[in-house]
Amino acid sequence: MINQMSQNENTQNQFSNAIRELKVGKLLRRANITKSCGISAYEVFQFLLLLVFQGKNLFRFLNSKRKDLAVSKNTYYRFLNDTSFNWTRFLLLLSAKVTSAFSALTRPERIKVLVLDDSVVKRNRSKAVELLARVYDHVEHKYQKGFTMLTLGWSDGYSFVPVGFNLLSSAKKSNRYQEISDQIDHRTNGYKARKESLLSKPEAAIRLIRKALAAGIQADYVLMDTWFTTEPMLAKILETGPDVIGMVKQLKQRYSYRGKLYTLPELRRFVHYDNSKNIFGSIVVSTKTGIPVKIVIVRNRNKKSECLYLLSTDCSLSDSEIVRIYGNRWSIECFFKASKSFLKLGTEFQSRTYDAMVSHTAIVFTRYTILEWIRRKENDEKTYGELFFMFCDDIRDMDLTSALQSLMALFAEQLSTLSADITACIKSKVTEWMDSQAAFIQALFENICWES
């Protein structure tokens, strides 16, 4: 018990340090998340951010022995239900700051991607939740009560940072159990978020990508699964800037090759591949509207009689590079699992208002971002700053010195096995070379024995 308490305190200290480093208070003010009823919004936000590490929900914490550390329950719920707060802007500002810091730790040529995917937030026991809808769960292959959490994340292959989200209700009125409350002021950020929740999934996805790029988040590619990888989506994303890498299904779509249209299975006949490898081959084709794409055919490990098809709008990439980059898409699946299983996404609060669900989702995304920030600072040596580069220089010079001395010693040893004439000639040339070098290089070979 004591060990668990010390671990919680250590986690809170790390979070507090990270919040100060990222200047979260300033980001909250820029997103119009300010104090209400005399209580600082920063303090309320920090309490809700750390609540998950207490092992209790808000109700249990307010009825525990540590309730003196908190304010009244109404204060927290007013904070969660405030319609003037712009949580989308806050998350964008935070992710832009974090991704910029992470990019500075890697080489400029390192690939950075945006990952697009969705997951269902279930509310099957609810009836009166605002904008509650009947949504399809692609994991369980059935309809659920709840929301489709459309998520956009950023990854450099090592870290994943959630950039934005949209808690989609349903674009079809017949699938919605509840509508927008008529008490919401249409000028508030809360009402704008409600209107965006009624968009179709492709339109909402394009908005997320455009907002992320406009916020200064750098990405070379957008990674998508089979649901999003369609020709209209490809065209709209290419208009925004980055290329697309996604998996495509074997549907009725056709691709143009040598003046004729073919399905994906028909294109396999034109690929000469080695069945012993996991990457069978690739072919460059174009869509019906003329978008050139490269399709890579990969072995399906789960069902060997079928293949997987990866599509890339960047035809200059090699087959293995396309597969490697697309592997970064798995990071968003790990994010969904961690958010729901460990960070209490969708289960920490059971509010009926749409604002509370948006604010709670933003808080969970912030938790994950700060955890990623702490992990990167602890595991990435480049975060040590100038000290890292100073040690790198020392190690590199020392390794070079040892290598040169070892090489010259081996060279001098091998001279003893040669004839006297050849040895004298080589020694003369080496002596001329050493005399032309700088003094510190000459000093390295003072102890070299030339005696045969």
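A helix here is a DSSP run of H or I, at least four residues, numbered from the N terminus. Leu58 is found in helix α4, residues 58-62. One thing before going on: this is a predicted model.

Is Leu58 buried or exposed? Leu58 sits at 2% relative accessibility, so it counts as buried, the cut-off being under 20%. Now pair Leu58 with Ser282. In sequence they are 224 residues apart. In space, C-alpha to C-alpha, they are 54 Å apart.

Stay with Ser282. Its side chain makes a polar contact with the side chain of Asp319, at 2.8 Å. Asp319 lies in helix α11, residues 319-326. Asp319 has a relative accessible area of 18%, and therefore is buried under the 20% cut-off.

Next, a loop. Thr289 has its place between β9, residues 279-286, and β10, residues 292-299. Thr289 is exposed, because its relative accessible area is 61% and the cut-off is over 50%. Which side chain does the side chain of Thr289 contact? That of Glu231: a polar contact at 2.5 Å. Thr289 also pairs up with Pro232 in the distance list. Along the chain, Thr289 and Pro232 are 57 residues apart. Their C-alpha atoms are separated by 9.4 Å.

Now backbone torsions. Leu131 is not a glycine, and its phi is positive, near 65°. Leu131 lies in the loop between β1, residues 113-122, and β2, residues 133-137. Leu131 is at 0% relative accessibility, so it counts as buried.

Then Arg258. Phi is positive here too, about 55°, and Arg258 is not a glycine either. Arg258 lies in the loop between β7, residues 255-257, and β8, residues 260-262. What is the relative accessible area of Arg258? It is 68%, so Arg258 is exposed.

Last, the surface charge. Lys23, Lys26, Arg29, Arg30, Arg89 and Lys97 form a positive surface patch. Two elements give two or more residues to this patch: α2, residues 24-30, and α6, residues 87-103. Which element provides the largest share? That is α2, with three residues. Lys23 is found in the loop between α1, residues 2-22, and α2.

Leu131 is buried. Thr289 is exposed. Arg258 is exposed. Thanks, over to you.

How values were computed
Residues are numbered from 1 along each chain as its sequence is written. This is a predicted model: local features need pLDDT of at least 70, side-chain atom pairs count only at pLDDT 80 or more; totals for chains, interfaces and linings use all residues. Side-chain values use heavy atoms; hydrogens and water are left out. Patches are made of residues with over 30% relative accessible area and no salt bridge: like charges are joined within 9 Å, nonpolar side chains (Val, Leu, Ile, Met, Phe, Trp, Tyr) within 5 Å. Accessible areas come from the Shrake-Rupley method with a 1.4 Å probe; for residues, only the protein chains shown count as cover. A salt bridge is a side-chain nitrogen of Lys or Arg within 4 Å of a carboxyl oxygen of Asp or Glu. Lys and Arg count as positive and Asp and Glu as negative; His and the chain ends are not counted. The place of a charge is taken as NZ of Lys, CZ of Arg, CG of Asp or CD of Glu. Buried means under 20% relative accessible area, exposed over 50%, partly exposed in between (1.4 Å probe, protein chains only). A polar contact is a pair of N or O atoms within 3.5 Å; within protein, one must be able to donate a hydrogen and the other to accept it, and residues adjacent in sequence count only if both atoms are side-chain atoms.
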